[in-house]
Amino acid sequence: MKLKAILFDYDDTLVQTRKIRYRTLKNLAKEKFRFDLLDVQIDEAWGLPGDEFLRRIYGEHAEDLESLWGEYHSFCERDPNLTFPGAEDFLQKYNSHFLFGILSSSSGRRVLKEIEGFSFSKNSFFSIQTAEDTNVHKPDPNVFLPIIEEARKRKLDSSEILYVGDTLGDAIASTGAGLRFLGMAHEEHSAKLFQKENLEFVSSFLELEHWIESSSF
């Protein structure tokens, strides 16, 4: 069937969250809670839904989670997130060809706030689904149920939707929900994972553009 919509994972697919937020998380730990946060500690929690992620990272300092979120958002303002090269151009070029959406396990408050700083807006997407919108998370395919329901309101079938993500969990969840999947390997370790699992992938938004133009739907 013809491809009619593209859904994107947010962190490390559209935006450079890992690169930017490791610094943010470490600064918050050092300045607010007086401890040194290590890369390995962040690595172990990376990809968890927002609340669970902060609890894992900050332990006893996360007892007042609402207050911690406030501190985290404040520190994030000092380190604006960045889109990957070509992401904003891609969305602008193809916004009349496809419906766009976002499905992320990140906090909706954080995602929507960051989008305000980019050249595209939340109105560029027919749906932005974040951690607060579902009780299940990737790699569970049921995580896609809310956004698939939004797609059906627009007469879209699951087989007409492509999900672009950077992890195997993205692949498992999206294909399990009946969507097509394409890996986005901005980093070499992601490319190796996709190669090992024989999953199709691109390494940049320029390559995604070439993939779109060369594919027959």
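The side chains of Arg-18 and Asp-12 meet in a salt bridge, at 4.0 Å from N to O; the term denotes a side-chain nitrogen of Lys or Arg within 4 Å of a carboxyl oxygen of Asp or Glu. The model is a predicted one, in which local features need pLDDT of at least 70 and side-chain atom pairs count only at pLDDT 80 or more, while totals for chains, interfaces and linings use all residues. Residues are numbered from 1 along each chain as its sequence is written, and side-chain values use heavy atoms, with hydrogens and water left out.

**Domains and their interface**

The protein chain is assigned domain 1 (5–16 + 82–215) and domain 2 (17–78), with bounds that come from an automatic or database domain assignment. Domain 1 contributes 14 residues to the contact and domain 2 contributes 16 residues, where contact means heavy atoms within 4.5 Å. The centres of the two domains, taken over C-alpha atoms, lie 24 Å apart.

About 1200 Å² is buried between domain 1 and domain 2, and carbon and sulfur atoms give 45% of this area. Buried area is the accessible area (1.4 Å probe) that two parts lose on being put together, summed over both. On the side of domain 1, Gln-16, Arg-109 and Arg-110 supply 43% of the area buried against domain 2, more than any other three residues.

Three salt bridges are found across this interface, together with 11 residue pairs in polar contact, both residues being at pLDDT 80 or more. A polar contact is a pair of N or O atoms within 3.5 Å; within protein, one must be able to donate a hydrogen and the other to accept it, and residues adjacent in sequence count only if both atoms are side-chain atoms. The side of domain 1 that touches domain 2 has three nonpolar, four polar and seven charged residues. In this classification Ala, Val, Leu, Ile, Met, Phe, Trp, Tyr, Cys and Pro are nonpolar, Asp, Glu, Lys and Arg are charged, and the others, Gly among them, are polar.

**Salt bridges in the whole structure**

Side chains of opposite charge can pair when their charged atoms come close. The whole structure holds 18 salt bridges, including those tabulated here.

| Pair | N to O distance |
|---|---|
| Lys-4 and Glu-160 | 3.2 Å |
| Lys-93 and Glu-209 | 2.3 Å |
| Glu-150 and Lys-153 | 3.1 Å |

Salt bridges that share partners also join Arg-21, Glu-77, Arg-110 and Glu-114 into one network.

Lys-4 is partly exposed at 35%, whereas Glu-160 is buried at 5%. Lys-93 is partly exposed at 42%. Glu-150 is partly exposed at 24%, and Lys-153 is exposed at 53%.

Asp-170 belongs to helix H8 (residues 168–176); helices (H or I, at least four residues) and strands (E, at least two) are DSSP runs, numbered from the N terminus. Asp-170 is buried, with a relative accessible area of 2%. Its side chain makes a polar contact of 2.8 Å with the side chain of Lys-138. Neighbours within four places in sequence aside, Asp-170 is in contact with Asp-9, Lys-138, Tyr-163, Gly-165 and Phe-181.

Glu-149 lies in helix H7 (residues 145–152) and is partly exposed at 41% relative accessibility. Its C-alpha atom is 30 Å from that of Asn-198, 49 residues away along the chain.

Definitions and conventions
Buried < 20%, exposed > 50% of the residue type's maximum accessible area, 1.4 Å probe, protein only.
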